[in-house]
Amino acid sequence: MIRAETLFTPWESFYVIVGSSGAALTGLQFVVMALVADAQRKGNSETVGAYGTPTVVHFCAVLITSAILSAPWHGAIGPAVILAVLGLWGTGYATVVSARARRQQSYTPVLEDWIWHSMLPMLAYVTLFVGAVMTAREESEGMFAIGATSLLLLLVGIHNAWDSVAYVATLPHKDTRGGDQGGASS
């Protein structure tokens with residue numbers, strides 16, 4: 001039986017860095033939403049639910065994972081069960097987000113959107129579940145799967161936050177007379 005200290009301790013600095021990044025990026029996503037709110041052409045709640053909110057959720061999943069694995073556990077089962085539940089929940093959430101993206105009508109998703117907003121998060125949460133099961137079985141490879149999940153969710157969040165800002169920044173904006181004033185279309 002591998003002790004939790006043996007399984008988790010080598011990952012401490014990894015999760016301090018990744019968890020801090022997840023927390024900081026969550027805060028920055030609020031700035032992104034403030035920029036979007038100031039845009040002349042705003043999305044609606046369906047679009048935010050499909051493209052904005054999931055980014056915060058992914059960053060928070062990284063933060064939660066880091067907090068769970070940084071706690072002083074005495075065994076691997078407790079954190080593994082919590083992470084398995086998070087992985088299952090995330091898989092379901094990624095399915096809901098995909099359905100929201102299909103339903104919303106403010107934006108027509110392209111292949112890149114389906115990859116970054118649907119497929120990669122789904123892959124990450126399934127990998128989190130598998131990694132948690134491996135960790136519960138005290139297989140050290142499970143920690144690599146969980147670590148990969150955290151990095152993937154961070155990268156997905158960074159990409160999606162940037163994509164949102166770039167989209168809003170390049171929309172043509174209305175002048176006070178009601179006409180468009182330049183801006184690139186995306």
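## A walk through a predicted helical chain

Phe 30 is found in helix α2, where a helix is a DSSP run of H or I of at least four residues, a strand is a run of E of at least two, and both are numbered from the N terminus. This is a predicted model, in which local features need pLDDT of at least 70 and side-chain atom pairs count only at pLDDT 80 or more, while totals for chains, interfaces and linings use all residues. Residues are numbered from 1 along each chain as its sequence is written, and side-chain values use heavy atoms, with hydrogens and water left out.

Phe 30 counts as exposed, at 56% relative accessibility. Here buried means under 20% relative accessible area, exposed means over 50%, and partly exposed lies in between, using a 1.4 Å probe and protein chains only.

Now step back to the whole chain. How many helices and strands does the chain have? The chain has six helices and two strands, and along the sequence they follow the pattern α-α-α-α-α-α-β-β. Of its 186 residues, 42% count as buried. The chain exposes about 9,800 Å², and carbon and sulfur atoms supply 68% of that area; such areas come from the Shrake-Rupley method with a 1.4 Å probe, and for residues only the protein chains shown count as cover. Look at contacts too, meaning heavy atoms within 4.5 Å. Among contacts between residues at least 6 apart in sequence, 74% join residues at least 24 apart.

Next, look inside. In soluble globular proteins, nonpolar side chains tend to be buried together. A nonpolar core is a set of buried Ala, Val, Leu, Ile, Met, Phe, Trp, Tyr and Cys residues joined through side-chain atoms within 4.5 Å. The largest such core in this chain has 28 residues, and Leu 83, Met 143 and Ile 146 touch the most other members. Helices α2 (12–38), α3, α4, α5 and α6 each supply at least two residues of this core. Leaving aside neighbours within four places in sequence, Ile 146 is in contact with several residues, including Tyr 15, Leu 69, Leu 83 and Leu 128.

Thr 55 sits in helix α3 (residues 45–70) and is buried, with a relative accessible area of 1%. Beyond its neighbours within four places in sequence, Thr 55 is in contact with Gln 29, Gly 157, Asn 160 and Ala 161. Leu 152 is in helix α6. Not counting residues up to four places away in sequence, Leu 152 touches Leu 120, Leu 123 and Ala 124. The C-alpha atoms of Leu 152 and His 58 are separated by 9.4 Å, with the two residues 94 apart along the chain.

Helix α4 (residues 77–103) includes Ile 77. Together, Ile 77, Val 81 and Val 85 make a nonpolar surface patch of about 270 Å². Patches are made of residues with over 30% relative accessible area and no salt bridge, with like charges joined within 9 Å and nonpolar side chains (Val, Leu, Ile, Met, Phe, Trp, Tyr) within 5 Å.

Which residues form the aromatic pair that is stacked? A search of the whole structure finds one aromatic pair. Trp 89 and Tyr 93 form this stacked pair, at 5.1 Å centre to centre and 10° between the planes. Rings of Phe, Tyr and Trp (its six-membered ring) pair if their centres lie within 6.5 Å; planes under 30 degrees apart count as stacked, over 60 as edge-to-face and the rest as tilted. Because they are four residues apart in helix α4, Trp 89 and Tyr 93 are separated by about one helical turn. Trp 89 is partly exposed at 43%, whereas Tyr 93 counts as buried at 11% relative accessibility.

Finally, visit the loop between α5 (111–136) and α6 (141–169), the place of Glu 138. Phi of Glu 138 is near 65°, a positive value in a residue other than glycine, and Glu 138 is buried, with a relative accessible area of 17%. Side chains of opposite charge can pair when their charged atoms come close. Glu 139 forms a salt bridge with Arg 137, their closest N and O atoms being 3.3 Å apart; a salt bridge is a side-chain nitrogen of Lys or Arg within 4 Å of a carboxyl oxygen of Asp or Glu. Glu 139 counts as partly exposed at 23% relative accessibility, and Arg 137 as exposed at 60%.
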